[in-house]
Amino acid sequence: MRIAGKGRIDRSKTVSFRFDGIQYQGFAGDTVASALLANGVRLMGRSFKYHRPRGVLTAGSEEPNALMTIGVGAGREPNVRATVQELYEGLEARSQNAFPSLNFDLLSVNDLASPFLSAGFYYKTFMWPRAFWEKLYEPAIRRAAGLGALSGEADQDRYEKAFAFCDLLIIGAGPAGLMAALVAAKSGADVILADEDAQMGGRLLADTETVDGQGGADWAASVLNELAGMDNVRLMTRTTVTGAYDQGTFGALERVSHHIARPDGRLPRETFWRIVAQRSILAAGALERPIAFRNNDRPGIMTAGAVRSYLNRWGVAPGKAVTVFANNDDAHRTALDLIAAGVHVTAVLDSRPDAQAQGDYRLIRGAQVCNSAGRKGLDAITYRTTSGEDKLATDCLAMSGGWNPTVHLTCHMNGRPEWNESMASFVPGKEAIPGMTVAGAASGRFTLHGCLTSGAEAARDALSDFGKTVADVTVPQADDTPYKVAPLWAVAGKGRAWLDFQNDVTVKDVKQAAIENFRSVEHMKRYTTQGMATDQGKNSNVAALAVLADATGRGIPETGTTTFRPPYTPVTLAALGAGSRGKGFAPERHTTSHAASVAMGAPMIEAGLWYRPSYFPRKGESNWRQSCDREVGHVRGAVGVCDVSTLGKIDIQGPDAAKLLDFAYTNVFSTLKVGRVRYGLMLREDGHVMDDGTTARLGETHFAMTTTTAAAGQVMRHLEFIAQVHHPEWDVRIMSVTEQWAQFAIAGPKSRDLVNGLVETPIDNDTWPFMACGPVRVAGIDARLFRISFSGEHAYELAVPAHYGDALFRVLVKRAEALEGGAYGMEALNVLRIEKGHITHSEIHGRTTAFDVGMERMISAKKDCIGKTMAAREGLIDDDRGQLVGLKPVGAIKKLTAGAHLYSESSEAVPANDQGYVTSVAFSPDFGHYIGLGFVRGGAARHGDRLRFVDALRGMDTVVEVCNPVFLDPEGGRARG
Amino acid sequence: MGFDRLTKGFSGLRVLKEGLTGNKGWTPHWRDPAPKPEYDIIIIGGGGHGLATAHYLASQHGITNVAVLEKGYLGGGNVGRNTTIVRANYMLPGNSEFYSHSLKLWEGLEQDLNYNVMHSQRGIINLFHSDGQRDGFARRGNQMIAQGDDAILLDRAGVQRELPYLDFDQTRFPIYGGLYHKRGGTARHDAVAWGFARSADSRGVDLIQQCEVTGIDIENGAVRGVQTTRGPIRAKKVGMVVAGRSSQVAAMAGMRLPIESHILQAFVTEGLKPCIDHVITYGMGHFYISQSDKGGLVFGGDLDMYSSYASRGNLPTAEHVVEAAMTLMPVIGKARMLRSWGGIMDMTPDGSPVIDRTHIDGLYVNCGWCYGGFKATPASGHTFAHLLATDTPHPVAKALRLDRFRTGRGILDEEASGSQHNLH
Amino acid sequence: MRLPCPICGDRDRREFYYQGAAVALSRPAPDADAAAWEDYVHLRENQPGDLDELWSHDAGCGAWLVVTRNTVTHAVSGAKLASEATR
């Protein structure tokens, strides 16, 4: 019911919306909850377990009951709190967790079965028969559980992430936060003021208290106006600071366009902020506590502060005859405001025998509400005094069990709140978050004057850190009547009294948990699920632990609290993961030949962050194998061209560059002559192989290293580690130049013909023998030529500055084709290297040693290197270790698969008989059958042995012969030719 | 088991009976005994593994003069804060038989404990995104089958049939297929701790909460007992099962362990109607997810990657995990993260655990579970109980040696990232 | 988490790579005994409290740092270039 003249809504702008298909009208400035209440709708949801009818309990983000699905189609959003969803034209809201309808929910039968569904019941049953859990019990439980449903479609909305930096972050723009912002901003500090609400002002918007004689909301408006005009202030509305992290980092979620009917496509739905602040002030206010009594969960029963919010901010009376039930003075203001607005207040029931009336209303002292009545909304309550029980007809109960300071953020770094006996609430622990001061109600200063004063004090305190002169700002006058409260957590009596509304945890459940010896507050929480609903226990934690303390005969402080963990309110995954959808998850690295390769029809496959061509199809080829076999043939018979730029390239210079290489590689590089290349093996300090590659000596103090594609970053960091941590005395500099050079392999018997058609000074076997390197000029460009070979053929790698890469690749391919060769891709590259027994990360996968890959002799005895000592451990040189071998199919099946295991021939395929496994396979067009590499126990000495090959996953069981891993040209004559 | 199903044991019938009589007949799941002056065996750490050890000592070896000393509350460590995944999909001999054994124990656990731990064999799918990853998973799957467990190699279409809601078109690292382990799944983590605790207690083991061990008494190279915040307690044998706190407790015995303590975060969303039926792991982004029976999406990812005892993490990892989620399954974009938490992981250099004797007579260590201890809970308890009771390693746990780093023998680098700290 | 790079100033943790306890500052001699090497590569003090550790400012200046950080509170009490750290 709307009250004329009340509220901060814009009555000139009506807004139509639908709830469960029924059209309603509200005003601009409404939330879904306020608009529904204005339309007399009280039933807004169903509880999680018993499917009890529920209405709004609160007017804020802590709402446990009025959760709805907002929107339609892919973008629909479940579990939206109706209390924070701003109304917009055409908004579609649907109730959740009810079937077939909110009004008639079949699962409300659970409510009747509640005696069998008490705390922890599911741990005690559903065990027999065993197979029924997955087939029957669990599916039924899963279907009944859950709140709203996702749309089932991929999220299409825009979300963003951003960083912000400031001197001072102020969390909460109520009286304390506004005052703090004013003082800090006027003193010249760089201030961010963030508030989760659409309008700043906090309780000033919901209460009728005055500041310096003017309405609190008007004062807030004038302060905000002043702040908005200052360059050093950023006001962030609809922004919830969700978490406090190390070194002054905060997470914050800004709901940018949830309140807009048809948002501009450029606007994100939400932005997740990482705010870095030198200092922070938590001024997040306080949250009102419900009181547990029998059937305290009916629609129409809400917190007293929420009733004031609906009345004063939205001009809505949540009932025609409102009763107030409280244990503190603050809630009496609800009665006063209602009366002033002309709403009937049946009575104020105050549990304190000495409560004082603050106005002209019926006050019943020493009264406790002990039951409620009404089918889908409140009709009446029963209350008890020393003179007995009585009933009151009422359609709204405004209850208040006192207020809890919003301590949550102060707990995010393991700070523990402290129990304050006189306020009967927890207050923030001291210095719980480095650099954070807590002000206002969040610190337990509940009077308006206290809020304003502590806000100003907190700002002054923060300013002292920045060395700013504090501006002269007078704290305005406001009410300072002390907050009086007498604890009342749960009204004694039969029946179920709710603590955690959403999760349906009652006083009985907590007591039962205590009886079953779940006496630790963490045990109680986990056993009953209290505090694990979407409000994270904001409405129930303190009362539940008070009930637990009572049931276990302990005080509240010794009972302790559970830990509040981030986020303060739930954060949309699409916001936290903004930018990552689709390809955004990781950078896409393209080589310079990418466009040309794509133009040639090559399928591009992922190689780490890079994309590389799989193969280059030609007309008439119907599958990849045909292309691959042809490309292998090009290299073996003519000449092939392959972009190898993704290999890591590291430039190493300085008088001590050779020392660095000697220490990084197992073998010696200081003896390498200028103009020569050497293959090197690198270990981790634990003695296992880290990477391999070639390094060229370009000058006396200048080396060019290549690494594998996968390990480029790791090796770069490793070299820096050696240079900076192990040997800072060495004079050497290291630079990653992977992206500065485009590099192409030119491989095959005609490779020199191709090269000689390009370089300004032709080469021959004497000037450019195997493993030679040096500068060349190609079409007027300074380039580098390396005579190295991964394919085992007479081959070169030609490197040019990256911006010539595209042009060079096209020229190379054209010339190769003219020589009856062509480009080759990853598939052919793999076949070529397997034929030569060259290892990749399939073999040096992290667990293998130099010994395993047959390179133990590459660990030089003449010098130390990383990993040398640990590589000599007995377990790393054991003859029984898997050693690299070649494998040939000799059974009925002529195919091989990687990942198959090898067993002694005719032995059972069980781990005890395991002899090794297959790492790489390829069909070799040169041999006309599959070949493979793998590791076999003691394999170096077992060439010629036959082993059982089992790939149970793919139904293969055959026989292979162990052989030399170098299938082709073991003498290496082709590369030298 | 000797439980009277109507008055003491747990059953559907008992739930009915208690419901009809006002739920007044429920009794404590365990006692709160005062520590005795001496026990045969003291287990330091009342987490999942410690409680499981106590259960199996009592049920398998008849040793009940046992105390479990817990500095906080039972099950308050990593067993109470994990992503609840249960699987036997290990590749390396040494690990493979151990986790296979564990899964078999899981499969009879509810009946063994008379406690519904909600072990749900909903199936795990490890996705792969390249030929090389497929080969690695094939090697793994073949080992699983050889071990007697189940594995299916799904191709892309197979994954699409099981998980049609993943992004198969736009995602950064295309889905090539998956290794499907149907017997893998989840369990209700707290219930596992409570079930073991209740069973151990019912067999006479003393579970002593709020009892922090402050010293280990050693004389002439043999353990004599422990000092605690509740006084000294003598014992013939002492087992350390304290996960992230292993280095601290070991230091009381003058030992240094091959362990660094790290933070692993995990996350849960608000409750949602069923949308994810399996456990899914996404290796390209260190992301794994399942949906709890309550409806929350439970997910996690990589370590925060810095040493820490803080039980809480930072945003970079949290964001990275969710970024992985958004490229793999944008269908969950509108779900909201409700809670995040962090556990202290006892990371070994090779990422595999230790169940072994120490150089001190009567002092045993069970540690190094890294981020994979939950699924190991029954086998860890079972084999540690065997070691404590018989002084010989259980056959399926004999590879989990403390000296493997010194000798280099039997290093269990399951992820192949190295047997050095901070690579896992 | 933010770390104070001596070259670049306070930077987000995202820019850094973590290596662990700063044991690498005193690498054993190649012929040191097995115990020394096990200490160096595998065994760790790993006690709660202040820890000297190695971080690399990968996405910044590339410097390796010795950062003193508390493993309980994550408070950072110092950072210097590894190349200038005392050994």
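## Close-up views of a predicted three-chain model

**View 1. Domains of chain B.** The domain assignment of chain B gives domain 1 (31–84 + 189–257 + 350–407) and domain 2 (119–185 + 260–347); the bounds come from an automatic or database domain assignment. Taken over C-alpha atoms, the centres of the two domains are 30 Å apart. Their contact takes 14 residues from domain 1 of chain B and 15 residues from domain 2 of chain B, two residues being in contact if their C-beta atoms, placed from the backbone, lie within 7 Å. On the side of domain 1 that touches domain 2 there are five nonpolar, eight polar and one charged residues. In these classes, Ala, Val, Leu, Ile, Met, Phe, Trp, Tyr, Cys and Pro are nonpolar, Asp, Glu, Lys and Arg are charged, and the others, Gly among them, are polar. This is a predicted model, in which local features need pLDDT of at least 70, side-chain atom pairs count only at pLDDT 80 or more, and totals for chains, interfaces and linings use all residues. Residues are numbered from 1 along each chain as its sequence is written, while chains are lettered from A and ligands numbered from 1 in the order in which they are written.

**View 2. Surroundings of Gly48(B).** Gly48(B) lies in helix α2 (residues 48–61) of chain B; helices (H or I, at least four residues) and strands (E, at least two) are DSSP runs, numbered from the N terminus. Gly48(B) is buried because it has 33 C-beta neighbours inside 10 Å. Here buried stands for 20 or more other C-beta atoms within 10 Å of the residue's own, exposed for 12 or fewer, and partly exposed for values in between, with C-beta atoms placed from the backbone. Not counting residues up to four places away in sequence, Gly48(B) touches Gly75(B), Val79(B), Val192(B), Ala193(B), Phe196(B), Phe374(B) and Thr377(B). Gly195(B) is 147 residues away from Gly48(B) along the chain, with 9.6 Å between their C-alpha atoms.

**View 3. Chain B against chain A.** In this interface, 97 residues of chain B are in contact with 95 residues of chain A. α5(B) gives the most to the chain B side, with ten residues. Other elements that give two or more residues include α1 (12–20), α3 (96–107), α7 (189–202) and β12 (260–271) of chain B. The chain B side divides into 38 nonpolar, 37 polar and 22 charged residues. Strand β31 (residues 571–572) of chain A pairs with β16(B) in the antiparallel sense over two bridges, where pairing requires that DSSP finds at least two bridges between the strands. Thr572(A) has Arg336(B) in β16(B) as its bridge partner.

**View 4. Arg684(A) in its loop.** Arg684(A) is placed in the loop between β36 (677–683) and β37 (689–699) of chain A. With 22 C-beta neighbours inside 10 Å, Arg684(A) is buried. Leaving aside neighbours within four places in sequence, its contacts are Met690(A), Gly867(A), Gly418(B) and Gln420(B).

**View 5. A three-stranded sheet in chain A.** The strands of this open sheet have the order β21-β22-β23 (chain A), with antiparallel pairing. β21 (368–373) and β23 (388–393) of chain A are at the edges, each with a single partner strand, so one side of each has no neighbour in the sheet. Five bridges join β21(A) to strand β22 (residues 380–385) of chain A, and Ala373(A) stands opposite Ala380(A) in β22(A).
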